[in-house]
Amino acid sequence: MTDETQPLTQALIGALARVHGSLTEIGTVWRRIAPDRPGLPLDRPLRLADAVHDLMATVDTDPAGLPARLAGLERDLVAAAALTSAPGAPAAGDAGLWAFARAALGQAQDLAARPARRLPLAS
């Protein structure tokens, strides 16, 4: 990480940390509603949180691959959120957490799409 990319990287990691925290909370919500939702894959939010954690650890090693990894994570979040938003199913109480996670992921995607600022070369 260079001095000019450090603030961008820190902001990106902060956004991903918010996604991670949301997923951890969603895991708690899912465990609480498990008796009313048999078959709900209780490990899914935690596996997603682990994937976000792994991504945070490697955010500055593969900046070119970051947008694709974030897009994949977005697809996984949407699919997991759909498990508790089925019409006619009892409310899980996780809708706000999913919205927060998606917003934070959107911030991360915006940050990852920004080109790193380069300082002009001295002549």
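Predicted model: local features only at pLDDT ≥ 70, side-chain atom pairs only at ≥ 80, totals over all residues.

**Entry 1: H1 with H3.** I began with helix H1, which covers residues 6–33, and helix H3, which covers residues 66–82, and found that they pack at an angle of about 20° with their axes 13 Å apart. Since angles under 35 degrees count as roughly parallel, I noted H1 and H3 as therefore roughly parallel to each other. I then looked up the handedness, and the crossing of H1 and H3 is left-handed. On the H1 side I listed Leu 12, Leu 16, Val 19, Leu 23 and Trp 30 as making the contact, and on the H3 side Leu 66, Leu 70, Leu 77 and Ala 80. Sorted by class, the contact of H1 with H3 has 9 nonpolar residues, with no polar and no charged ones.

**Entry 2: H2 with H3.** I turned next to helix H2, residues 44–57, whose axis comes within 11 Å of that of H3 and crosses it at roughly 165°. That angle makes H2 roughly antiparallel to H3, and I recorded the crossing of H2 and H3 as left-handed. From H2 the contact is made by Arg 44, Leu 48, Val 52, Asp 54 and Leu 55, while H3 contributes Leu 66, Arg 69, Leu 70, Leu 73, Asp 76, Leu 77, Ala 79 and Ala 80. When I divided the residues of the contact of H2 with H3 by class, I had 9 nonpolar, no polar and 4 charged.

Key: Residues numbered from 1 in each chain as written. Heavy atoms only, no water. Axes fitted to C-alpha atoms, helices over the stretch in contact; angles between N-to-C directions. Helix = DSSP H or I, 4+ residues; strand = E, 2+ residues; numbered from the N terminus. Parallel < 35°, antiparallel > 145°, perpendicular 65-115°, else oblique. Left-handed = near helix turned anticlockwise from the far one by under 90°. Contact = heavy atoms within 4.5 Å. Nonpolar A, V, L, I, M, F, W, Y, C, P; charged D, E, K, R; others polar.
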